[in-house]
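Welcome! Please take a moment to look over the sequence and the 3D structure shown here before reading on.

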Amino acid sequence: MSEIRIDRRRLLQSTLALGGLAALGVSMSSCSNDGRGDGESPSGSSGGSVALPTYVPYPGFTADLSGDGLTPAMLSYPSNPEPVTDGPPGDGQDFGAFALTNTPIPPALDQNQFWQSLNERLGAGMSVSLVPSGDFTDRFQTTVAGDRLPELFTYWPKGIPGLPSLLRERAADLTDLLSGDAIKAYPFLASIPTESWKSAVYGGRIYGVPIARAVQSTVVLYGRTDLLAQQGIDPSPSSWDEMHAMFAEVSSSNTWALASVPMQIIRQSFGVPNGWSIDDGGTWTSAFEHEAQLEALEAGRKLVEDGLVHPDTTSSDNQQRKTWTVAGTTWFVEDTFSGRPAFANMAATPVDVDVVLPPLAGGGGMAPIWLGAPTHNLTGISLKAGDRVEAMLDVLNWLSAPFGSAEHLFKNYGIEGVHYDVVDGEPVLNDKGRSETKLGIEYLGQGPFVSYLPGFPDVAESMFEVQREAIPTAVANPAATLFSETESRKGTQLSTTMTDLETDILQGRKPVSAWTDAVATWKQDGGDAMRQEFEQAHAENVG
Amino acid sequence: MSSAETASSARRTGRSGALIDGVPRPGRVENVIKAVVLTAICAVVILPFIGIISTSLAPADQVTRAGGFVLLPEGIDLTAYRSILTGGVVTRALLISSVVTAVGTALSLTLTAMLGWALSRRGSIGNRPLLLLVLVSLLFNPGIIPSYLVVQQLGLLDTLWAIIIPTSVSAFNVIVVRAFFVGLPQEVMDSARIDGAGEWKLFVHMGLPLARPVLAVVGLFYGVGYWNAFFNALLYISDSALWPLQLVLRTYVVDGTQLGAQDLGPEVSLPPQTTIQMAILVISIIPILIVYPFLQRHFAKGMLTGAVKG
């Protein structure tokens with residue numbers, strides 16, 4: 001019966017270990033992993049700079065539309081995709097994966113033809129433990145506490161207290177295998193942009209393979225261009241006042257211009273930084289404390305006061321707001337570039353929706369928009385993989401096969417005739433495909449993001465043109481790829497306090513001036529500590 | 001019939017036109033106001049239900065046009081139900097939830113009744129410290145990670161027992177059942193004891209039959225609890241093939257990004273997310289709605305148990 005006895009010592013050890021990691025962010029000497037360095041700063045970057053993997057775009061893939069820093073776009077799926085690998089990756093032994101999902105779970109292996117076929121192609125059995133993204137933190141922390149991370153595991157680059165220490169204790173150090181030119185052994189991983197790899201560095205070592213994003217995570221304002229055209233309105237205002245006037249013009253008793261107060265767009269218009277900004281002297285300023293915040297909040301408050309925002313906005317979710325916009329109840333809605341395809345499937349007859357770029361508030365051209373985070377998530381390899389680390393990287397490389405390859409087609413669409421049908425030359429998932437392919441493997445390994453809207457080449461083209469116009473001046477968040485211990489522990493709580501206040505101000509329950517006091521509290525409660533940690537991490541990375 | 005009885009009867013029935021049980025008969029205006037108020041209250045309760053069912057059945061186009069909720073569907077469209085039930089994931093989860101609810105409720109009722117009985121018997125060994133221990137569990141929560149480690153070391157991870165055993169005894173329900181047993185007349189127990197009944201016999205043949213109403217209510221609490229629970233399954237079961245219904249359905253509601261709409265082609269028009277959410281609500285409440293009427297007759301009586309005696 002000894003195997004089911006509660007081991008008091010182990011219970012205490014595990015709890016203390018995790019609590020210690022979370023609360024202090026220091027390594028536990030009792031279970032240290034020799035050769036991984038010593039203690040670290042709260043920024044998790046004391047190990048000094050590391051040579052990031054060399055960026056080598058995969059030569060076998062050419063996008064229909066491409067540009068420097070833009071999301072490459074494909075107008076149609078290449079016909080007759082060829083395999084780009086020779087046989088199964090890895091070492092032929094079974095492995096497990098702890099994978100994120102944003103979709104309903106797929107059928108179990110015994111009822112899932114896609115999964116069975118994937119295992120055949122991998123030459124090994126892959127067991128998947130799916131974690132809904134909304135519940136990730138709880139599940140990740142318990143799995144780590146129980147020392148049950150499988151060979152491959154996904155994790156967020158931020159938001160997990162003590163992450164650098166945790167990775168040092170539980171994850172394989174991939175630096176020697178991926179740093180610099182070593183990445184060339186994995187050509188599909190080498191095509192992941194350098195900016196995304198920055199998120200994989202903790203304590204000066206590489207602990208994961210990124211799932212790259214950036215431009216497509218950028219939030220923009222979509223407008224119903226068909227309705228605007230009917231009214232003869234040109235959706236290209238030259239100042240915030242003109243933008244406000246346009247919103248007022250399209251609002252009536254049962255129609256509102258906006259599905260929500262587009263605070264991101266307003267802040268872009270008024271020149272508030274994207275999260276943080278660094279001045280010439282190297283001082284970091286948070287968007288919260290930026291001088292233009294009060295003007296931006298006042299502009300947002302006025303939209304609500306003038307009745308230009310749907311009255312149910314505070315109790316609605318993004319999906320609901322998009323539904324309003326497709327229905328014409330509202331004309332403008334905020335969403336990311338990658339949120340565009342969903343509009344196409346929301347109505348029997350697709351409606352015309354296009355990006356409306358914000359003007360500088362005082363006039364003088366287009367405001368710089370905020371670039372999204374360069375990394376969606378990372379995939380680490382558990383220390384338990386032992387000498388199978390290279391085999392696991394080979395699997396991740398296979399999963400990152402480029403757009404238009406046979407591997408990519410299978411990974412995303414399954415088997416023709418079973419999971420998808422070819423309609424007008426484009427692969428279209430059927431019911432079985434939609435159900436069986438959602439194994440979370442797109443968050444385990446993925447090549448550079450490609451914008452592809454099957455059946456809507458004109459939309460893909462127009463989105464690309466918008467990016468060509470807006471991305472060159474877009475501003476990135478300098479903290480996006482840096483880790484701050486304070487942010488991981490208190491960031492959500494602190495920003496929720498500020499967001500709640502923002503809602504109160506917008507709804508007229510509190511004056512705009514309340515923001516200033518709240519910023520002082522925010523700084524005291526952790527804002528200043530975050531600034532310090534980001535400054536330190538940034539200096540170490542740059543230096 | 002005496003004249004007093006006749007008068008009393010007349011008062012109750014209100015045939016005299018003035019009083020009903022000593023209370024003046026309401027006038028017409030008062031009745032109308034009451035009817036309006038009660039109708040409004042009923043509407044507030046019933047309309048959301050109708051809205052949920054209607055939206056889950058309404059054609060996608062109507063839901064989009066309405067901007068979300070629909071009160072009267074223009075037609076019956078089962079696409080949302082079909083997309084949820086495709087692949088057998090939900091039906092499998094339905095079976096798992098049914099097993100967990102049935103086994104869990106039976107186990108919980110057994111343990112709760114036995115513990116409630118033991119704690120109600122004055123003079124039983126360790127009665128007071130044990131009661132204190134039960135009460136302490138109402139005040140202190142063990143936390144996610146310690147609970148996980150205990151479940152792991154008991155070897156329950158990735159088994160359905162992991163979602164049954166940790167929540168099998170609720171201190172609140174134990175207190176309710178104990179209060180009921182404490183309220184049973186001591187004379188009845190004494191007479192049974194004189195007839196030769198031991199403690200076990202007292203419990204099985206006297207305590208349990210008398211406690212049927214309270215056990216029905218507590219059973220309903222446990223049953224609904226097991227049916228609705230998802231968090232423990234999320235933490236303790238990594239194989240999604242063993243996930244209960246609520247956790248599976250939650251992935252549609254919380255994480256549902258239009259079922260991966262970015263991968264779809266122009267030929268595919270998915271049901272709106274609101275329709276899917278409403279269909280999920282319907283699927284998840286139907287089993288409880290079926291069970292509820294069978295337990296309802298015990299409900300009022302059971303709820304009063306312990307209300308005036310703690």
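The report below walks through the two chains and a few of their local features.

## How to read this model

This is a predicted model, in which local features need pLDDT of at least 70, side-chain atom pairs count only at pLDDT 80 or more, and totals for chains, interfaces and linings use all residues. Residues are numbered from 1 along each chain as its sequence is written, chains are lettered from A and ligands numbered from 1 in the order in which they are written, and side-chain values use heavy atoms, with hydrogens and water left out.

## Chain A as a whole

Chain A contains 19 helices and 17 strands; these are DSSP runs numbered from the N terminus, with helices being H or I of at least four residues and strands E of at least two. Of its 543 residues, 57% are buried. Here buried means under 20% relative accessible area, exposed means over 50%, and partly exposed lies in between (1.4 Å probe, protein chains only).

Among the contacts in chain A with a separation of 6 or more, 79% join residues 24 or more positions apart; a contact means heavy atoms within 4.5 Å. The accessible surface of chain A is about 21,100 Å², and 48% of that belongs to carbon and sulfur atoms. Such areas come from the Shrake-Rupley method with a 1.4 Å probe, and for residues only the protein chains shown count as cover.

## Nonpolar cores

A nonpolar core is a set of buried Ala, Val, Leu, Ile, Met, Phe, Trp, Tyr and Cys residues joined through side-chain atoms within 4.5 Å. The largest one has 117 residues, and Phe140(A), Tyr155(A) and Leu178(A) have the most contacts inside it. Beyond its neighbours within four places in sequence, Phe140(A) touches Phe98(A), Leu149(A), Phe153(A), Thr154(A), Tyr155(A), Ile160(A) and Leu166(A). A second, separate core has 47 residues, including Ile233(A), Val250(A), Ala299(A) and Leu494(A).

Helix 12 of chain A spans residues 318-327 and is mostly covered, with 8 of its 10 residues buried. Trp324(A) and Val326(A) are among the buried residues, as are Arg321(A) and Lys322(A). After helix 12 comes Gly328(A), which has a positive phi near 85 degrees.

Two residues other than glycine also deserve a look. Asp147(A) has a positive phi near 55 degrees and sits in the loop between helix 3 (136-145) and strand 4 (152-155) of chain A. Its relative accessible area is 37%, so Asp147(A) is partly exposed. Asp424(A) has a positive phi near 50 degrees, and its place is in the loop between strand 15 (420-423) and strand 16 (426-429) of chain A. With 71% relative accessibility, Asp424(A) counts as exposed.

## Chain B and a helix pair

Chain B has 14 helices and 2 strands, and 41% of its 310 residues are buried. It exposes about 16,300 Å², with carbon and sulfur atoms supplying 69% of that area.

How do two of its helices pack? Helix 8 (residues 171-182) and helix 11 (residues 212-228) of chain B meet at an angle of about 175 degrees, with their axes 10 Å apart. Axes are lines fitted to C-alpha atoms, for helices over the stretch in contact, and angles run from 0 to 180 degrees between N-to-C directions. Helix 8 and helix 11 of chain B are therefore roughly antiparallel, a term for angles over 145 degrees. In this pairing, residues including Phe172(B), Val176(B) and Phe180(B) of helix 8 meet residues including Leu215(B), Val218(B) and Phe221(B) of helix 11.

Note on methods: Parallel < 35°, antiparallel > 145°, perpendicular 65-115°, else oblique.
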